[in-house]
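I set down here what I looked up in this structure.

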Amino acid sequence: VQLRWTADVSPAVALNILSTPIASIVDSKAALANVKDGDFGNAWLKMHSAGSGPFKMRVYQPHQAIVLDANPATPGDKPQLKNIIIKNVPDPATRRLLIQQGDADIARELGADQTDTLKNQPGVKVLEIPSAEQNYLVFNTGNGANPLLNNPAFWEAAR
């Protein structure tokens with residue numbers, strides 16, 4: 001697969017775009033075998049796996065958990081883990097507690113207070129990993145919107 005951009009795009013932005021579901025490479029035969037109402041298999045892909053990556057989705061429970069199994073057909077190095085369970089735990093204090101109790105192997109997006117508590121915990125390693133994050137601002141500029149939104153200085157500040 002060769003991709004070309006029509007403008008200068010930073011490598012971080014390119015990787016963010018390519019790692020989203022809208023840009024994922026999937027087995028077209030599997031997706032097209034599950035087309036409904038011309039959706040190219042999109043509805044089916046929300047709950048099933050048809051990719052070539054190191055893991056394939058076995059179970060997806062929205063807002064609860066995802067279970068991934070090693071994909072034996074993946075090209076290159078095979079995964080060293082047989083499966084991965086990713087649970088949605090919204091509260092950072094609960095994520096920290098799961099790590100402390102040994103009920104979770106990895107926790108993300110812990111605040112400074114959570115990581116400070118874990119830094120001296122035996123058997124726990126705290127990592128700070130930079131990421132390429134994109135944030136979007138949306139402004140209501142329609143009829144009846146705040147007239148201050150028409151100020152060019154506001155838009156420059158938002159950029």
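**Charged pairs**

I found both Arg 159 and Glu 156 exposed (over 50% relative accessible area; buried is under 20%, partly exposed in between; 1.4 Å probe, protein chains only). Their side chains form a salt bridge, N to O 3.6 Å (a side-chain nitrogen of Lys or Arg within 4 Å of a carboxyl oxygen of Asp or Glu). The model is predicted, with pLDDT of at least 70 required for local features and 80 or more for side-chain atom pairs, while totals for chains, interfaces and linings use all residues. Residues are numbered from 1 along each chain as its sequence is written, and side-chain values use heavy atoms, without hydrogens and water.

I counted 4 salt bridges by this rule. One of them joins Arg 58 and Asp 69 at 2.7 Å, N to O. Arg 58 lies in strand 1 (residues 55–61) and Asp 69 in strand 2 (residues 65–70), 11 residues apart. Asp 69 counts as buried, at 18% relative accessibility.

I also noted Asp 116 with Lys 119, their closest N and O atoms 3.8 Å apart. Asp 116 is partly exposed at 46% relative accessibility, and Lys 119 is partly exposed with a relative accessible area of 46%.

**Overall form**

I read 6 helices and 3 strands (DSSP runs numbered from the N terminus: H or I of at least four residues, E of at least two). Their order along the sequence is α-α-α-β-β-β-α-α-α. The C-alpha trace spans about 55 × 50 × 30 Å along its principal axes. Of the 159 residues, 13% count as buried.
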